[in-house]
Amino acid sequence: MTGSHDDGYKWIALSNTTLGILMATINSSIVLISLPAIFRGIRLNPLTPDNVSYLLWMLMGYMVVTAVLVVSLGRVGDMFGRVRMYNLGFAVFTLASIGLSLVFWEGPSAALALIGLRIVQGIGGALLMANSAAILTDAFPANQRGMALGINSVAGIAGSFIGLVVGGLLASGDWHLVFLVSVPIGIAGTVWAYLRLREMGEMRPARIDWWGNLTFGVGLIALLAGITYGIQPYGGHAMGWTNPAVLAAIGGGLLLLGLFAYIETRVSEPMFRLALFRIPAFTAGNLAGLLASIGRGGLMFMLIIWLQGIWLPSHGFSYESTPLWAAIYMLPMTAGFLIAGPLSGYFSDRFGARPFATGGMLAAALTFALMLLLPALFSYLPFGLLLLGNGLAMGLFTSPNTAGIMNAVPASERGVASGMRATFQNAGMNLSIGLFFSLMIAGLSAQLPGALYRGLTSQGVPQAAASRIADLPPVGSLFAAFLGYNPIKSLLGPLLSQLPADRAAYLTSTAFFPHLIARPFMHGMHITFTFAFVMMLIAAGASWLRGKRYVHEEALAAAGPALPPPSAKPRQLSPHPMVALSAAYGAAGGEIGRALSRSLTVPFIDRAIPASLADRVAEALQETIEEEDRSTSAIGGILAELRATSQLFGVQGLSANDKPLSVKDYRRLAEEAMGQLAATSGAVVVGHGAAAALRANPAVLRVAVRASLEARVRRVMQIEGLDLQEARRKVEAADAARRVYLRRLYGVSPDDPSLYNLIIDTSAIPPEASIAVILQALQGLRAGASLQ
């Protein structure tokens, strides 16, 4: 039920969404560490020019898809149910994992199949990531969301590191296990989510923004694909930034994203809620998150290359074993996330996101500055401590930042807000990888060719061959080290057999290449660390701009005047607020009611007469207006049906039955249910004649929510996708049923102003402002009633 926070359920939601996010993020990195085994299994050399595209899309395809789809799928979750879309994500992810584990053939077709199924897997991951934060925000009260979102966020970030270790372990056996390991987890998660998760948020029916989805999806794919191909060699250049296709993809992508922003200001139901950027906490949080992702997203790749290409071989590890050991040696960073994330989330619930998120970015900047002091062949203790410090800093930032973003938005926008947050994070990661690789390649290009030439010729390699190898794009050496290949063995190939055995053994040992590349590599690393340092400082500034602690529901509740001072003699009232909304169909009564129940933390009871029954209810009630009471007439069955399906009676624990109800009995049951709610939990009740039934209770705020017929018809057209004639017919049928219902049960008209304390016209006052007015009126009403 909307508006209440079930202690048992919220921990189920946290456990399941944490499992889902772990599965999704583990699979974003598990392939990273398993690529050598995968390419050996399908008998493709990922370093040959024709196969580099397979390598890049195997690496980046999953992340590109999740970056593109999370906003759209978050919006779909707002429309059709976040839990429903989340469950679908589990199922899609699991089916794709099964398909990936069944690729037993070889060659380019196998690579294409893996890439295609990884994209499908990315769709499932996007469904999970887009809706998990919104599900938790719905399930947890504001004073616990930071902790819950902290655990969820840390699980997501930790998953990327856990995937490295799991991938290294499984790939050492059979690479199919890398994908098969997700299947039992996915099946268990799908069944668990289907059976135990339930919709607690607001579903907001709307039309899908097709043009917005199209321009955003194509534009972002083009931009990220251009960046992906920009790090590949082109012509005689070390990278492809002068490639016309790359420039066209990036330029076209930016133009389409600009067109997307324009479209979103013109459509009635935009995919990307640009209006949310008017909320400072939302805007600053997302900007800080984007900058943080750009500043640290590619760091993991650079650190892995540092460990695999230089440090581990220099310490006697074989190239084939370096992927697994690199993941193990990076575990202090994961530990930092796991320690700081939940703690910072817990404290941000009390003190707000700004001090923790800003402090986390400043601490991260400090760790990057200190990394500049490390030599290529460092002592592990200071390196491990800096990894731990960086993990603590990012955990300190991530949890409060996520909670600050999600707390800042209305309940009805949490799905799209979660998707927007994930889009900024995932797009920042993709941009970061492209930027870090570009900066590293630029740094290597300045020094690696000369170092390679001198090192090879000193070991007897012919000058012509050494010159040819030195002129090769440095990206080959970078990827070789990244994938755990012996770079020199790959570069020299048949030339090794022409060299003396001792020279060949030394060239391919774990000592030669690390010492050769150390100085050029550290030149590139200093560039990347400096870039990351600057990004962290800018992100800290953006984070500070979010302002003090801001929770949307609390801000609405605070809009009203303060209650009377303690010196006033209060009348004993129920501590639970009760609001009766008499809402015309299409006037946004349901949206206002759900938001009020969220803000007041009380149950929400929707209208008694669904639009689908409006014609039948009006006709049957009209027949009984001139009659005393006929439970055997058509109205008896309809009233029994209303009683069986209404939350008003369900909240009292009454069971549905087929026995026809008289009008008198139905009214008695409804009044008893509403009276019990007013005396115990409080509620926001839409319809049910609540304004008439509760008018004798001075602590109940009775509100009429109206709008012009034209405005209501337009709203129903937009929300339900109906044409003008059908929308008008539906609104008029609902109006007729409402009038007859109130006349037959209570002998009143919905137009009688004496029924209400407050009348609001949503044609002039939008729902968001109406909510603030109602909350203010409720505080004033209860303050006045307490003094009577």
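Helices are taken as DSSP runs of H or I with at least four residues, numbered from the N terminus. The model is predicted, and local features require pLDDT of at least 70, side-chain atom pairs count only at pLDDT 80 or more, and totals for chains, interfaces and linings use all residues. Residues are numbered from 1 along each chain as its sequence is written, and side-chain values use heavy atoms, with hydrogens and water left out.

A cavity was defined on a 1 Å grid over the protein atoms alone as a set of points where a 1.4 Å probe fits but cannot get out, with lining residues having an atom within 4 Å of a point. Grid points were joined across faces, edges and corners, and volume denotes the space filled by probe spheres set on the points. Seven cavities of 30 Å³ or more were found. The largest cavity holds about 580 Å³; 34 residues line it, and T25, G156, I157, Q425 and M429 are the closest to its centre. Helices supplying at least two lining residues each include helix 1 (7-41), helix 5 (145-171) and helix 16 (414-457). Helix 5 provides the largest share, seven residues.

Helix 27 (residues 663-679) comprises 17 residues and spans 24 Å from first to last C-alpha, close to the 24 Å expected at 1.5 Å a residue, the expected span being 1.5 Å times one less than the number of residues. Its buried residues (under 20% relative accessible area, 1.4 Å probe, protein chains only) are V663, Y666, L669, A670, A673, M674, L677 and A678. These residues lie on the same side of helix 27 because they cover an arc of only 170° around the axis, taken from the directions from the helix axis to the C-beta atoms. The face turned away from the buried side carries K664 and A679, which are exposed (over 50%).

Notes:
On a 1 Å grid over the protein atoms alone, a cavity is a set of points where a 1.4 Å probe fits but cannot get out, and a pocket is an open set with protein on both sides within 12 Å along at least five of seven lines; lining residues have an atom within 4 Å of a point.
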